[in-house]
Amino acid sequence: MIIELSDDYLPEVILHRDKQIKEIRQVFKNFKKFEMGTNLAILGVTGSGKTTIIKKVVEDENNAKYISCSETQTPFKTIKEIFNLNVKTNEELLKATIKKLKEEPKIIVLDEIDKVKNLSQLANDLNTIYRKTMVPIIILSLRRNIIEQMPIDVRKTLFFERINLPSYNAVELKDILKDRLGLIERELPGFDDGTINFISAIASKQGSARVLMNLTLKCLQKNNFTQKFIEKVYQEMMKEDWVDFVNDINQTEKEFLKILLEKCDYENEVVSETLQKSMKEYLSSARISQLINTFERYSAITSRHENLGRAGGRRRLVKFESKEIYQELNKMMGFN
């Protein structure tokens with residue numbers, strides 16, 4: 001295994017994220033000085049560097065508790081993971097955690113918070129902890145609307161400052177790949193400039209450093225650096241991602257996806273009002289717009305606004321991002 005290409009590898013220098021890292025470090029510095037600081041929501045697509053940059057700062061500053069919510073998954077286990085306290089009830093857990101944080105103040109970092117099954121409960125627990133301790137809370141999520149999914153009282157109290165990580169472009173991904181390959185202490189004859197450029201271009205479709213590294217690893221494992229092979233591996237990876245996508249979305253989002261698959265495809269658009277009328281459970285136009293935004297952020301669909309003139313107003317038209325995505329989601333939902 002070439003560790004420099006793995007998800008767990010933490011590079012000394014993280015490229016193209018200087019601004020975001022500086023903002024995060026400032027919270028840690030303020031906490032060391034004043035024992036309080038801004039709450040942060042670090043948001044971005046898979047492979048945009050969220051986990052890498054927060055782990056780097058946590059390692060350097062050494063005054064935080066990092067928790068992977070994909071491992072804990074429930075509010076109780078997530079809060080318990082902060083200090084691994086031996087308690088049985090949620091009330092005891094909150095009381096003991098607050099007491100411990102007052103004795104040993106630490107920034108709480110919750111990676112992949114969207115993986116917690118009862119987000120509202122966790123948000124309320126974090127709210128309670130913050131009110132009693134004022135320790136900064138940093139959450140990471142690929143869902144840019146994660147804050148809006150929390151109870152209004154929590155949003156007002158925690159008042160998260162957003163740090164949005166943009167997707168990497170092909171040039172940035174090329175820089176990252178060349179940097180990682182340069183750290184490997186062995187000869188890699190298959191990686192000429194043409195191969196590096198092509199892998200970076202393919203990975204830029206998702207804007208993901210994770211896709212970049214996985215493609216590179218597959219090429220090394222199979223000793224195959226042809227464009228045909230790289231494209232094949234990319235398509236297989238995308239199929240796996242859509243399986244995860246369908247498994248992770250909630251019931252309302254699944255219902256919305258079903259309506260989308262029924263009413264439009266990758267060529268024929270559907271008006272957002274039609275989607276609203278087709279939902280079994282009534283949803284407001286604002287909620288429909290939010291769902292469209294969510295699916296668009298996942299790169300499943302694309303939308304545009306059409307101006308119908310002064311009398312007609314504006315309408316929003318939606319269709320799937322590509323034929324491949326449309327067909328894959330049809331299979332995932334059992335329509336094909």
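Mentor: Let's start with a term: a pocket is an open set of points on a 1 Å grid over the protein atoms alone, where a 1.4 Å probe fits, with protein on both sides within 12 Å along at least five of seven lines; lining residues have an atom within 4 Å of a point. A volume is the space filled by probe spheres set on the points, joined across faces, edges and corners.
Mentor: This is a predicted model, where local features need pLDDT of at least 70 and side-chain atom pairs 80 or more, while totals for chains, interfaces and linings use all residues. Residues are numbered from 1 along each chain, and side-chain values use heavy atoms, without hydrogens and water.
Trainee: OK, how much space lies in the second largest pocket?
Mentor: About 370 Å³.
Trainee: And which residues lie nearest its centre?
Mentor: Of the 16 lining residues, those are Met238, Trp242, Ser322, Glu324 and Ile325.
Trainee: Switching topic, how many salt bridges are there in the whole structure?
Mentor: The search finds 13, each a side-chain nitrogen of Lys or Arg within 4 Å of a carboxyl oxygen of Asp or Glu. One of them joins Lys56 and Glu12, at 3.6 Å from N to O.
Trainee: Is Lys56 buried or exposed?
Mentor: Lys56 is buried at 7% relative accessible area (buried is under 20%, exposed over 50%, partly exposed in between, with a 1.4 Å probe and protein chains only). Glu12 is exposed at 64%.
Trainee: What else does Lys56 meet in a salt bridge?
Mentor: Asp60, at 3.8 Å from N to O. Asp60 is partly exposed, at 39%.
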